[in-house]
Amino acid sequence: MHNHTSAEITLNINNEDRTVYVRNADTLLYALREKLGLTGAKPGCLNGDCGACTIIVDGDPMKSCLMLAVEAQGKSIITVEGLQNTAIQTEFIDKFAFQCGYCTPGFIMNCHALMTKYPDADDSVIKDWLESNICRCTGYQEIEAAIKAALAAAKGEPG
Amino acid sequence: MSQSIGKSIYRKEALEKVTGKAKYTDDYPAAGTLHVKLAVSPYAHARIIAIDTSKAGEVPGVRAILLGQPFPLTGEEIKDRPPLAFERVRYHGEPVAAVVADTPHQAKRAAELIAVTYEPLPVINSPREALQPDAVLIHENLETYEKIEHVYPEAKTNIADRTKIRKGNMEQGWTESDVTLEASFSLSPSDHIAMETRCVTAEIRPDGFVVFSSSTQSPYMIMELMSRYFQLEKGKIIVNTPFVGGGYGGKVAVQLELIAYLATLAVGGRPVKLLNTREEDMITSPVHIGLDADIKLGATQEGKLKVAQITYLFDTGAYSDKGVTISRAAAITCTGPYQLENIWCDSLCVYTNHPYATAYRGFSHAELLFVFERAMDMLAKKLNIDPLELRRINAFLPGATTPTQIRLNESTVGNLPQCIDRLKQLMNWKEGQVTQVNGRKIRVKGVSCIWKTSTIDTEASSGVVLTFNVDGSVNILSGIVEIGTGTKTILAQLLAEKLKMDIKKIHVKMEVDTQTTPKHWKTVASRGTLMAGRALLKAADDAVVQLKDTASRVLMCSPDDLEVANDMIYVRDEPDTFIHVKDVCHGYKYPSGHSIGGQVIGRGNYILRHLTHIDHETGAGRPGPEYTVGAQGVEVEFDTKEFTYKVLKAFAVIDIGKVLNKKAAEGQVMGAMSMGLNFGSSETFVVSDDGIILNPRLRTYVPFRYGDHPEYLVHFLETPHIDGPFGARGVGEHGLIGMPAALANSLSIASGVELTMLPLTPESIWKETGGG
Ligand code: FES
Ligand code: FES
């Protein structure tokens, strides 16, 4: 019926192997949302401009609208559904760093990856990373407070 | 002591939102749902000669292809718009056809294969052009359109409506003036850019119910309009609205719902989904309005304003939908927050070949204040008076009358002079407006005052139902949509305060379902807290009566002797005699088994009082409940060589009546300020001479990103609005509306040129200084 190729692939998502049937042209965002019911990553532009679809692939933040599902085989994928009680989530709540919440999963994933890679991130590193995401509700000042508090909290923890 | 009011309570839905569990319209499973894709016009104005769907129809999975029909025509005040273009397209991006298919990519493929033959027509690119005597008519048969009362389209012109303000005696005003000032301003349309693009699903059930799920700010309006346009039974329309990913006014319009309904109708009622791409969301769906304006002010040598003559030409684009009400709102508060006895204003809603307009946060106020507050700064310069002093001299005070000739009092208008004084302190005004940083850079301060009322339907109402659970906890049901404003958390705070109970035991239903949730007119106009708040307090009173009634029989006393607090109903002067709320809120059971009472269900509603339409000849009338005022400012660092600048600080002092949730209120105001600065500094559609929008994507449109933000300083005054819950005033939009003006005022000083256009990019400043 379809004149394009499709395949069954296995993706490792939030430390679980999930088998899913995708077209070669399906983006990872599409597969996550439509095939796997993981709707935390959001569509905002589908061409890499907004960051609402950000997830973590092998430790790096990745815009899942820019990656094909088939490309993600063999990689470790973390989505917002895989985070619980992390410092950044706590601080997003405490600092009122979201309103409508639509950009929030993307921001949180980006922040979380940043914190893992650069626990000592300074202002310019934070800006470099976070300017890939757009928030239209907040004035960003709250998001700044949240990432800074989360970095500080993470440092305060033993080990 | 306050239980809850004023505290920075976390949002009730906070955990859902940080874990990705909060569901928005497109997040609900779509198994069995067909997908709709639009084919849109590549021209801003053209005749449709032919449409060939044969290739599109051959794409596998295509179930239906819809084309434009002469009827129904739609539009909130004037019915001038077919849901899909018929015979003619009037803006770039206008939907021309809709394909329904099994999967999104099949629908997309087919939509691309629809071949439309166009014959281009002359394009109108601004309201001023539209008013030229020889301008092409965008709606040749304007006079034949159905319309509601109180709208006045002018036949054989491009004028969809004209609102007139005639107050005092203009001649006298000019005679009493020593100085006059004239200026013209303009700004192009732009967009809301909610991060969630608009999405709707629709189906027709076998029993005839039409069920929508929509990312909308006005689910109840969808019911109303669907029934009006398609003669559907109102009670058989159900609209579900889960979380909405930002609206800012843009999701007030009812557009995609109409197409989704036609699409489901075409496939026998099967469920269909229509999700905008970003590009469609920016231009196919309605946008933020543009404006051309002329203003003339007269004042005495001492700076007392005597007269204002204003023409606002709003760019409603191809269709009038909300443009009419927006242009009317601008007339109603046309002068900014100043006392003026003599006013002449014509505010026109003008058709052009731009994407059509809908509400945008502030509902015309950011635009009109840009005009009026720029003029105030120019006047201050001419009179050689400090700009804030000029504003203070003319500040609107209780006892004065508005442009629509309504006398306001201490409750219906906040304290503007105090806002100005506080702003002066915050901005360290006495240090002066300009500081030299180095040979090239200067730091400059600019200010603006604000006011806003909400011109909403005179019969707008809001309802709240409270249901008690067996454990004594309470559910709040309200038709407010959680678009990000946090109003539903505010409702929980109000209830906690009123019932003196722990807010953790108050549960808020976030989703709206028009069949089971009491109606809230629309989630717009900063009116949620007033209207739903008052309805909630009434519902709480109703619940308290029921609790006391049952308790009084158990405690064998009069209900008048009882109080409700801390999960108990107790005798006022003998608190040891009490019964727990949980033991009566689902009825009380005596040891014998006899029972009394039953589930406590509190009901409350609120309708705005004494609102009227305004008079067509003079504008006299009471269009809104209360006027929130404030004073705002910015401090920018400006490069005098390159005309680049950075906003270092942004200030807002707003008389909010009562702070109900401090951090939430600050967040609303900062977010609005950010949007206002973004609009003032960089947001605009870049439109070609042919009316083509050249930048309908986030890469070229330039929304603010992290790191673009200045330091925000927000202060609140608390002059109570006696009608508001605990004295609170609306504040959802007010942070935005003074920002473009304040920015333009600072940059006019910095560049030494009176800037007259938005947005203020380095290039546009350079052009206005005579560059190029
Ligand atoms: S949806 Fe992926 S970056 Fe916008
Ligand atoms: S919270 Fe709404 S876009 Fe960021």
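This is a predicted model: local features need pLDDT of at least 70, side-chain atom pairs count only at pLDDT 80 or more; totals for chains, interfaces and linings use all residues.
The size of an interface is often given as the accessible area lost when the parts come together. Between chain A and chain B, the buried area is about 4500 Å², and carbon and sulfur atoms give 54% of this. Chain A brings 48 residues to the contact, while chain B brings 57 residues. On the side of chain A, three residues stand out: A:F96, A:Q99 and A:R136 supply 19% of the area that chain A buries against chain B, more than any other three residues.

Next come the spaces inside the structure. A search of the whole structure finds 7 cavities of 30 Å³ or more. The largest cavity has a volume of about 100 Å³. Its lining consists of 15 residues, of which A:F96, B:R11, B:T485, B:G486 and B:A664 are the closest to the centre. Two helices of chain B, α13 (487-499) and α16 (662-681), are the elements that give two or more residues to this lining. By class, the lining of the largest cavity has 6 nonpolar, 8 polar and 1 charged residues.

The second largest cavity has a volume of about 80 Å³. Its lining includes B:R198, B:C199, B:S214, B:K251, B:E257 and B:P286. Here the classes divide into 4 nonpolar, 5 polar and 3 charged residues.

Helix packing can also be followed in chain B. Two packed helices are described by the angle between their axes and the distance between the axes. For α10 (residues 365-383) and α19 (residues 739-751) of chain B, the angle is about 35° and the axes are 8 Å apart. The crossing of α10(B) and α19(B) is right-handed. In the contact, α10(B) uses B:A366, B:L369, B:F370, B:E373, B:R374 and B:D377, which meet B:P740, B:A741, B:A744, B:N745, B:S748 and B:I749 of α19(B). The residues of this contact comprise 7 nonpolar, 2 polar and 3 charged.

Finally, some backbone details deserve a look. Most residues other than glycine have a negative phi, and most peptide bonds are trans. The peptide bond from B:F71 to B:P72, however, is cis, with omega near 0°. B:P72 is placed in the loop between β3 (62-67) and β4 (88-89) of chain B. The loop between β3 and β4 of chain B also holds B:E87, whose phi is positive, near 65°. Another cis peptide bond runs from B:L758 to B:P759, with omega near -5°. B:P759 lies in the loop between β33 (757-758) and α20 (762-768) of chain B.

Terms used:
Residues are numbered from 1 along each chain as its sequence is written. Chains are lettered from A and ligands numbered from 1 in the order in which they are written. Side-chain values use heavy atoms; hydrogens and water are left out. On a 1 Å grid over the protein atoms alone, a cavity is a set of points where a 1.4 Å probe fits but cannot get out, and a pocket is an open set with protein on both sides within 12 Å along at least five of seven lines; lining residues have an atom within 4 Å of a point. Grid points are joined across faces, edges and corners, and a volume is the space filled by probe spheres set on the points. Helices (H or I, at least four residues) and strands (E, at least two) are DSSP runs, numbered from the N terminus. Ala, Val, Leu, Ile, Met, Phe, Trp, Tyr, Cys and Pro count as nonpolar, Asp, Glu, Lys and Arg as charged, and the others, Gly among them, as polar. Axes are lines fitted to C-alpha atoms, for helices over the stretch in contact, and angles run from 0 to 180 degrees between N-to-C directions. A crossing is left-handed if the near helix is turned anticlockwise from the far one by less than a right angle, and right-handed if clockwise. Contact means heavy atoms within 4.5 Å. Buried area is the accessible area (1.4 Å probe) that two parts lose on being put together, summed over both.
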